[in-house]
Amino acid sequence: MALDDLKSALPDYAKDLKLNLSAVIGNSDLPAQQLWGTVLSCAMATRSAEVLRQLEPEAKANLSPEAYNAAKGAAAIMGMNNVYYRTTHLLSDKEYSSMRAGLRMNIIGTPGVEKADFELWCFAVSAINGCGQCLDSHEGVLRKAGVEREVIQASVKIAAILQAVAGVLDAEAALVTVDA
(Lines give C-alpha, C1' and ligand atoms only; values in the text may rest on other atoms or scores of the structure.)
Protein backbone atom coordinates (compact mmCIF):
# COMPACT_ATOMS: atom_id res chain seq x y z
CA MET A 1 0.00 0.00 0.00
CA ALA A 2 1.23 3.48 -0.89
CA LEU A 3 0.65 4.86 2.60
CA ASP A 4 2.91 2.19 4.07
CA ASP A 5 5.64 3.13 1.61
CA LEU A 6 5.31 6.80 2.49
CA LYS A 7 5.37 6.03 6.20
CA SER A 8 8.48 3.89 5.86
CA ALA A 9 10.22 6.66 3.91
CA LEU A 10 9.71 9.15 6.74
CA PRO A 11 12.48 9.56 9.34
CA ASP A 12 11.91 8.85 13.02
CA TYR A 13 11.49 12.54 13.89
CA ALA A 14 8.35 12.58 11.71
CA LYS A 15 6.59 9.83 13.68
CA ASP A 16 3.52 12.03 14.12
CA LEU A 17 3.19 12.30 10.35
CA LYS A 18 3.37 8.51 10.05
CA LEU A 19 0.58 8.16 12.60
CA ASN A 20 -1.49 10.85 10.92
CA LEU A 21 -1.15 9.24 7.49
CA SER A 22 -2.67 6.09 8.96
CA ALA A 23 -5.35 7.82 10.99
CA VAL A 24 -6.52 10.48 8.56
CA ILE A 25 -6.09 8.79 5.19
CA GLY A 26 -5.80 5.09 6.00
CA ASN A 27 -8.82 5.09 8.31
CA SER A 28 -10.87 7.82 6.66
CA ASP A 29 -14.67 7.79 6.80
CA LEU A 30 -14.88 9.79 3.59
CA PRO A 31 -16.39 8.05 0.56
CA ALA A 32 -13.68 6.74 -1.79
CA GLN A 33 -14.19 9.45 -4.42
CA GLN A 34 -13.95 12.29 -1.88
CA LEU A 35 -10.96 10.71 -0.15
CA TRP A 36 -8.88 9.77 -3.18
CA GLY A 37 -9.79 12.89 -5.13
CA THR A 38 -8.59 14.96 -2.18
CA VAL A 39 -5.44 12.86 -1.88
CA LEU A 40 -4.62 13.13 -5.59
CA SER A 41 -5.30 16.86 -5.91
CA CYS A 42 -3.31 17.57 -2.74
CA ALA A 43 -0.44 15.31 -3.78
CA MET A 44 -0.19 17.34 -6.98
CA ALA A 45 -0.41 20.62 -5.06
CA THR A 46 2.50 19.66 -2.80
CA ARG A 47 4.74 19.60 -5.90
CA SER A 48 6.54 16.60 -4.42
CA ALA A 49 7.38 14.03 -7.05
CA GLU A 50 7.78 11.36 -4.38
CA VAL A 51 4.42 11.96 -2.72
CA LEU A 52 2.66 12.03 -6.09
CA ARG A 53 4.48 8.90 -7.33
CA GLN A 54 3.52 6.99 -4.19
CA LEU A 55 -0.14 8.02 -4.01
CA GLU A 56 -1.22 8.38 -7.64
CA PRO A 57 -1.57 4.64 -8.43
CA GLU A 58 -3.91 4.06 -5.47
CA ALA A 59 -5.87 7.20 -6.29
CA LYS A 60 -6.24 6.08 -9.89
CA ALA A 61 -7.42 2.65 -8.75
CA ASN A 62 -10.07 4.21 -6.49
CA LEU A 63 -11.38 6.88 -8.86
CA SER A 64 -13.38 6.73 -12.06
CA PRO A 65 -11.53 8.18 -15.05
CA GLU A 66 -13.75 11.26 -14.77
CA ALA A 67 -12.98 11.74 -11.08
CA TYR A 68 -9.27 11.13 -11.66
CA ASN A 69 -9.18 13.88 -14.30
CA ALA A 70 -11.34 16.20 -12.21
CA ALA A 71 -9.04 15.83 -9.17
CA LYS A 72 -6.04 16.67 -11.33
CA GLY A 73 -8.04 19.53 -12.81
CA ALA A 74 -8.77 20.88 -9.32
CA ALA A 75 -5.04 21.02 -8.58
CA ALA A 76 -4.38 22.71 -11.92
CA ILE A 77 -7.07 25.38 -11.75
CA MET A 78 -6.39 26.19 -8.11
CA GLY A 79 -2.67 26.50 -8.86
CA MET A 80 -3.68 29.47 -11.01
CA ASN A 81 -6.61 30.81 -9.00
CA ASN A 82 -4.84 30.68 -5.65
CA VAL A 83 -2.03 32.89 -6.94
CA TYR A 84 -4.39 35.35 -8.61
CA TYR A 85 -6.95 35.69 -5.82
CA ARG A 86 -4.39 35.61 -3.01
CA THR A 87 -2.61 38.49 -4.75
CA THR A 88 -5.76 40.58 -5.19
CA HIS A 89 -6.61 39.97 -1.55
CA LEU A 90 -3.13 40.90 -0.28
CA LEU A 91 -2.68 44.06 -2.33
CA SER A 92 -3.33 47.29 -0.44
CA ASP A 93 -5.10 48.71 -3.49
CA LYS A 94 -8.48 46.95 -3.19
CA GLU A 95 -9.51 48.09 -6.68
CA TYR A 96 -7.73 44.99 -8.05
CA SER A 97 -10.28 42.82 -6.24
CA SER A 98 -13.12 44.43 -8.18
CA MET A 99 -11.45 44.03 -11.57
CA ARG A 100 -12.57 41.24 -13.88
CA ALA A 101 -10.07 38.37 -13.72
CA GLY A 102 -10.48 37.39 -17.36
CA LEU A 103 -9.00 33.96 -16.68
CA ARG A 104 -10.61 30.78 -18.02
CA MET A 105 -12.04 28.58 -15.28
CA ASN A 106 -14.46 26.36 -17.21
CA ILE A 107 -13.64 23.25 -15.19
CA ILE A 108 -15.18 24.81 -12.09
CA GLY A 109 -18.55 24.98 -13.83
CA THR A 110 -18.34 21.55 -15.46
CA PRO A 111 -15.83 19.40 -13.58
CA GLY A 112 -17.20 16.05 -14.79
CA VAL A 113 -18.00 14.88 -11.24
CA GLU A 114 -20.39 15.86 -8.49
CA LYS A 115 -19.87 19.58 -7.87
CA ALA A 116 -19.45 19.19 -4.10
CA ASP A 117 -16.60 16.69 -4.54
CA PHE A 118 -14.79 19.02 -6.92
CA GLU A 119 -15.30 21.96 -4.56
CA LEU A 120 -13.87 19.86 -1.70
CA TRP A 121 -10.74 19.17 -3.73
CA CYS A 122 -10.42 22.86 -4.65
CA PHE A 123 -10.80 23.76 -0.97
CA ALA A 124 -8.04 21.35 0.09
CA VAL A 125 -5.65 22.58 -2.61
CA SER A 126 -6.40 26.16 -1.57
CA ALA A 127 -5.33 25.25 1.97
CA ILE A 128 -1.97 24.06 0.66
CA ASN A 129 -1.56 27.14 -1.51
CA GLY A 130 -2.63 29.49 1.28
CA CYS A 131 -5.39 31.46 -0.41
CA GLY A 132 -7.84 32.68 2.22
CA GLN A 133 -10.21 34.16 -0.33
CA CYS A 134 -10.46 30.83 -2.17
CA LEU A 135 -10.84 28.93 1.09
CA ASP A 136 -13.76 31.11 2.10
CA SER A 137 -15.36 30.87 -1.34
CA HIS A 138 -15.14 27.07 -1.63
CA GLU A 139 -16.14 26.52 2.01
CA GLY A 140 -19.24 28.63 1.41
CA VAL A 141 -20.20 26.61 -1.67
CA LEU A 142 -19.64 23.36 0.23
CA ARG A 143 -21.75 24.46 3.19
CA LYS A 144 -24.58 25.62 0.88
CA ALA A 145 -24.44 22.18 -0.75
CA GLY A 146 -25.00 20.59 2.66
CA VAL A 147 -21.45 19.29 3.16
CA GLU A 148 -20.78 18.88 6.87
CA ARG A 149 -17.96 20.75 8.57
CA GLU A 150 -16.38 17.42 9.55
CA VAL A 151 -15.99 16.49 5.87
CA ILE A 152 -14.45 19.87 5.10
CA GLN A 153 -12.14 19.50 8.09
CA ALA A 154 -11.13 16.02 6.93
CA SER A 155 -10.02 17.44 3.58
CA VAL A 156 -7.87 20.10 5.18
CA LYS A 157 -6.29 17.49 7.46
CA ILE A 158 -5.34 15.50 4.36
CA ALA A 159 -3.89 18.65 2.81
CA ALA A 160 -1.92 19.47 5.95
CA ILE A 161 -0.49 15.99 6.35
CA LEU A 162 0.48 15.58 2.70
CA GLN A 163 2.12 19.01 2.63
CA ALA A 164 4.12 18.16 5.74
CA VAL A 165 5.12 14.72 4.40
CA ALA A 166 6.18 16.31 1.11
CA GLY A 167 8.30 18.87 2.95
CA VAL A 168 10.04 16.26 5.06
CA LEU A 169 10.72 13.89 2.14
CA ASP A 170 12.00 16.69 -0.08
CA ALA A 171 14.21 18.06 2.70
CA GLU A 172 15.65 14.63 3.45
CA ALA A 173 16.34 14.05 -0.27
CA ALA A 174 18.13 17.41 -0.41
CA LEU A 175 20.22 16.51 2.64
CA VAL A 176 21.25 13.20 1.05
CA THR A 177 22.38 15.13 -2.01
CA VAL A 178 24.36 17.58 0.15
CA ASP A 179 26.01 14.74 2.10
CA ALA A 180 26.98 12.78 -1.02
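This is a predicted model: local features need pLDDT of at least 70, side-chain atom pairs count only at pLDDT 80 or more; totals for chains, interfaces and linings use all residues.
Local features were taken only at pLDDT of at least 70 and side-chain atom pairs only at pLDDT 80 or more, whereas totals for chains, interfaces and linings use all residues. Residues are numbered from 1 along each chain as its sequence is written, and side-chain values use heavy atoms, with hydrogens and water left out.

Helices α3 (residues 32–46) and α4 (residues 49–62) pack at an angle of about 155°, their axes lying 9 Å apart; helices here are DSSP runs (H or I, at least four residues), numbered from the N terminus, and axes are lines fitted to C-alpha atoms over the stretch in contact, with angles from 0 to 180 degrees between N-to-C directions. The two helices are therefore roughly antiparallel (an angle over 145 degrees). On the α3 side, the contact (heavy atoms within 4.5 Å) includes Trp 36 and Met 44, and on the α4 side Leu 55 and Asn 62. The contact residues comprise 10 nonpolar, 2 polar and 2 charged, where Ala, Val, Leu, Ile, Met, Phe, Trp, Tyr, Cys and Pro count as nonpolar, Asp, Glu, Lys and Arg as charged, and the others, Gly among them, as polar.

Helix α10 (149–179) supplies the largest share of the lining, 4 residues.

Definitions and conventions
Angles under 35 degrees count as roughly parallel, over 145 as roughly antiparallel, 65 to 115 as roughly perpendicular and the rest as oblique.
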